[in-house]
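I opened this entry to keep track of what I looked up in one model. The notes run from the whole chain down to single residues.

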Amino acid sequence: MDNAATTAVSPAVLEKMLPYFTECYGNASSIHGTGRDARRALEESRRKVAGVLNCKPQEIYFTSGGTESDNWAIKGTAFANRKKGNHIITSAIEHHAVLHTCQWLEKQGFTVTYVPVDEYGQVNPQDVKAAITDQTILISIMAANNEIGTLQPIREIARIAHAHKIPFHTDAVQAIGAIPVDVQEIGCDMLSLSAHKFHGPKGVGALYIRQGTRVDTFMHGGAQERGKRATTENLAGIVGLAEALTLAVDHLEEKSARIAALRDQLIDGLTAIPHVRLNGHRTNRLPNNCNVSIRFVEGEALLLRLDLAGIAASSGSACTSGSLDPSHVLLAIGLPHEIAHGSLRFSLSDNTTQEEVDYVLKTLPDIVTTLRSMSPLYTDFLEAQK
């Protein structure tokens with residue numbers, strides 16, 4: 001139940017990857033036969049990814065994952081366009097790969113506007129429009145939030161960006177493989193994705209950069225990725241990414257409908273527990289995401305009890321699991337600290353079964369009852385109700 005953190009590599013993807021560890025292990029930059037075989041596999045993978053996203057193969061750049069893709073898109077655009085301006089617009093609920101990158105850029109002399117969200121975690125495109133100045137050189141808004149699953153109006157934001165001749169980047173790491181993503185339909189200039197979110201391997205991702213978009217080179221060294229991102233390509237990982245993406249979009253509507261039905265059962269069952277609220281938009285959300293806040297208990301205690309019962313969940317992004325601070329996303333949608341601390345994220349995948357959902361719905365109510373019986377906050381609440 002923690003598939004937003006990562007997914008299992010599918011057997012078909014693993015099978016596709018294995019030869020590139022042993023048989024076709026060449027360096028794609030080598031000119032001999034083994035190297036040429038590797039180059040063919042690399043470029044075939046690029047064509048596959050481009051086909052899914054509806055772009056040109058030369059607009060796909062392979063990276064080490066979503067964090068690198070976000071860093072490259074934002075830093076690369078910022079420094080490439082510094083003579084034009086120094087202002088960036090993003091949202092208050094972005095993944096830390098975006099937020100921390102923007103905060104670092106502020107130390108380098110850039111200015112950043114973090115537009116707010118409503119109670120459902122949605123960005124108002126008019127807030128983005130209002131934030132634009134003559135110094136704005138980039139707008140970056142995620143396609144779907146990684147914690148609460150809310151989908152963002154990125155098509156409308158992209159139109160606003162282009163009307164002002166500003167590049168638009170979207171972090172689509174959670175969206176790819178869950179909902180249809182077409183870069184031409186969206187109108188984005190850059191898009192980030194990561195293989196391990198859709199049953200591919202960890203440590204490999206991609207950045208789509210529309211032809212003509214000014215973005216600085218991210219890693220210097222060799223001539224890999226058309227001179228933009230030096231380092232010997234992770235060929236097995238790239239082959240795995242392309243295969244996983246191809247499989248993820250196959251019958252996507254049918255698979256998403258099945259997962260969304262399980263998600264809705266989770267939402268209905270969990271919010272039936274007294275003093276439990278859904279976080280994020282009820283319908284305009286990822287098909288695999290269920291995020292709830294449970295009053296009078298701590299999220300960490302809930303996670304430990306769930307783990308003992310054989311259920312893996314999270315209290316937010318896996319990237320911030322070591323932090324004791326409440327989620328910046330939940331605070332941004334207006335939750336007080338004490339309620340934000342009692343939040344759980346359940347995230348499903350193609351492998352999630354009806355039996356697993358039923359087990360969660362059977363197990364969690366008793367855990368909540370037990371923890372509330374030890375909670376002085378809950379005792380005070382009951383006394384106040386008398």
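**Ground rules.** I worked from a predicted model, in which local features need pLDDT of at least 70 and side-chain atom pairs count only at pLDDT 80 or more, while totals for chains, interfaces and linings use all residues. Residues are numbered from 1 along each chain as its sequence is written, and side-chain values use heavy atoms, with hydrogens and water left out.

**Whole chain.** I looked up the secondary structure and found 15 helices and 10 strands. Both are DSSP runs numbered from the N terminus, helices being H or I of at least four residues and strands E of at least two. The radius of gyration is 22 Å, close to the 21 Å of the globule rule for 386 residues, so the chain is as compact as a globular protein of that length. That radius is taken over C-alpha atoms, and the rule is 2.2 Å times the number of residues to the power 0.38. I noted a C-alpha trace spanning about 80 × 50 × 35 Å along its principal axes.

I then checked burial: 54% of the 386 residues are buried. Buried means under 20% relative accessible area, exposed over 50%, and partly exposed in between, with a 1.4 Å probe and protein chains only. The chain exposes about 16,700 Å², with carbon and sulfur atoms supplying 53% of it; the areas come from the Shrake-Rupley method with a 1.4 Å probe. Of the contacts (heavy atoms within 4.5 Å) between residues at least 6 apart in sequence, 73% join residues at least 24 apart.

**Second largest pocket.** A pocket here is an open set of points on a 1 Å grid over the protein atoms alone, where a 1.4 Å probe fits, with protein on both sides within 12 Å along at least five of seven lines; lining residues have an atom within 4 Å of a point. I counted 28 lining residues, with Gly177, Phe198, His199, Ser349 and Asp350 nearest the centre. Helix 1 (11–17), helix 9 (235–249) and helix 10 (252–271) are the elements that give two or more residues to this lining. Which of them gives the most to the lining? Helix 10 does, with 4 residues.

I picked isoleucine 259 in helix 10 and found it buried, at 8% relative accessible area. Leaving out residues up to four places away in sequence, Ile259 touches Pro287, Asn288, Leu348, Ser349 and Asp350. Two of these contacts, Ser349 and Asp350, were already on my list for the pocket centre.

Under the sequence limit of four places, its contacts include Ile259, Arg263 and Phe346.

Buried or partly exposed: what is alanine 257? Alanine 257, also placed in helix 10, is partly exposed at 47% relative accessibility.

**Positive phi.** Most residues other than glycine have a negative phi. I noted asparagine 54 with phi near 65 degrees, in the loop between helix 3 (33–53) and strand 1 (60–63). Asparagine 54 is partly exposed at 38%. Histidine 275 also has phi near 65 degrees; it lies in the loop between helix 10 and strand 8 and is partly exposed at 31%.
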